[in-house]
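Here are my notes on the model you sent. Please read them with the structure open beside you.

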Amino acid sequence: MKIGILTQWYDPEPGPAAIPGVLARQFAAAGHEVRVLTGFPNYPTGRVYPGHRQTWRTTSRADGVTVTRVPLYASHDSSGVGRALNYLSFAVSATVLGARSLRGCDMVWVYNSPVTVALPLLVHTRWGRLPYFLHVQDLWPDSLVHSGMFPDGGLGRIALSVVSKAVSLTERLARRVGVISPSVADLIQSRNPAVGPSDVVYVPNPTDEGLFTFGEVRERRGGEPFVLMYSGAIGDVQGLDGVVEAVGSLSSDVDLRLVLVGDGIALDRLRALAARVDGAGRIEFVGRVPKEQVPGLMRQAHAHLVSLGTSEFLEHTTPSKIPSLLASGAVVLGVIAGDGARLIAESGAGTVVPPGDALALQTALVSLTRLTTDDLRGRGRSGRRHYETHFSAERAADAILSATFPQSSDQHATKDRS
């Protein structure tokens, strides 16, 4: 089968942007011809990666996958204008310059974030006549509202209406809509009557299994502090301010160190906050590292942090780092609510604390430092088993193809596309 992949984000971009590459390689490993239409890598710094120079179009081949890149406005700062230009520029260039990369495909898998990917999607699939699997990564237009990107007043209301209609249309024309958080399925169906229960499937994101491999949790040794690590984007949505304050407020007899690995728009603010509250020098900032180095750094920690801010919207979010941590056999502290919290709890890999509850977070931090090596490794093994059962790349790829082309042809032939 010839499988097209449409995504603004692709290797070597890290975190959630790595998911398209994981699935592309899995499809190729299963014997399919895979073609990717994407942009030039710039996430999360907003700067085009070294070794890449933007041109009108480049095509390369690696790991059995043909990748076509088209130019975009590189930006990932807090500016609504910059983000809008980033999203819109890829949509236009992918529409105008990317048609050949998806021509002749049997289906298209779509990384559905940002919403502007709807333009090349509708054009290149001829309004859904070419089957596509719409894999919803973020809730739109909720993501734009939550980030403050919509302008106030009449212009904002018009933009909200346009985005909402685009979301509804791409969902309705999709062969199947995939969600990575269970609660999103109900939200989509409540908003879009044209999308029925059989049209939505839960397909959680896998991780890069060649990068995040199982390893035993670091051994506890006398005289060494307990190391809690956060690795990933450091932005406003992660809600790390409360974690920094909680660690800085721990009593002197709690031997814990917080290591923050990554970069983002909130990094300078967090550094300043740590300088004010961390009199004991417990907090270390490593900065951004190549993703190939992340697993090695992870082995230096006893537990890993997953954090999101306080928001009803974020309760429908499953951070991509959770599958990566489970696959690695890591112990997880989740400062998170909703779908992500349930996943961590069900995996047996960690502890969950509601965002914004400073006392509960401090209690959890102290409790972590009291766990033995055997305690930690038991949790890590439980998480790995949960990943293999529910999140593997092979399982995700099979689920996507099975949903797009179910065994009984009349399951999708009768879907109303009017």
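1. **A buried valine.** Buried means under 20% relative accessible area, exposed means over 50%, and partly exposed lies in between (1.4 Å probe, protein chains only). V261 has 3% relative accessibility, so this residue counts as buried. V261 lies in strand 10. This is a predicted model: local features need pLDDT of at least 70, side-chain atom pairs count only at pLDDT 80 or more, and totals for chains, interfaces and linings use all residues. Residues are numbered from 1 along each chain as its sequence is written, and side-chain values use heavy atoms, with hydrogens and water left out.

2. **Around V261.** Contact means heavy atoms within 4.5 Å. Setting aside neighbours within four places in sequence, V261 touches several residues, among them M229, Y230, V286 and L297. R288 is 27 residues away from V261 in sequence, yet their C-alpha atoms are 6.1 Å apart.

3. **The sheet.** Strands (E, at least two residues) and helices (H or I, at least four) are DSSP runs, numbered from the N terminus. Two strands pair if DSSP finds at least two bridges between them. Six strands form an open sheet in the order 11-10-9-12-13-14, with parallel pairing. Which strands stand at the edges? They are strand 11 and strand 14 (350–353); each has a single partner strand, so one side of each lacks a neighbour in the sheet. From one strand to the next, the twist averages 20°. Strand 10 and strand 11 pair over four parallel bridges. V261 stands opposite G287 of strand 11.

4. **Helix 8.** This helix covers residues 241–248, and its buried residues are V243, V244, A246, V247 and G248. Their cover includes strand 10 (256–261), helix 9 (267–277) and helix 13 (358–369).

5. **Helix 8 against helix 13.** Axes are lines fitted to C-alpha atoms, for helices over the stretch in contact, and angles run from 0 to 180 degrees between N-to-C directions. The axes of helix 8 and helix 13 come within 10 Å and cross at roughly 60°. The two helices are therefore oblique to each other. (Under 35 degrees is roughly parallel, over 145 roughly antiparallel, 65 to 115 roughly perpendicular, and the rest oblique.) Where do they meet? G242, V243, A246 and V247 of helix 8 meet L361, Q362 and L365 of helix 13.

6. **An aromatic pair.** Rings of Phe, Tyr and Trp (its six-membered ring) pair if their centres lie within 6.5 Å; planes under 30 degrees apart are stacked, over 60 edge-to-face, and the rest tilted. The whole structure holds four aromatic pairs. One of them, Y87 with W140, is edge-to-face, at 6.2 Å centre to centre and 85° between the planes. Y87 lies in helix 2 (residues 80–97) and W140 in the loop between strand 6 (132–136) and helix 5 (142–147), so the pair ties together parts 53 residues apart in sequence. Y87 is buried at 11% relative accessible area. W140 is buried too, at 7%.

7. **Backbone points to check.** Most residues other than glycine have a negative phi, and most peptide bonds are trans. The bond from W140 to P141 is cis, with omega near 5°. The bond from Y43 to P44 is also cis, with omega near 5°. Phi is positive, near 55°, at R126. W127 likewise has a positive phi near 55°. R126 is partly exposed at 42% relative accessible area, whereas W127 is exposed at 51%.
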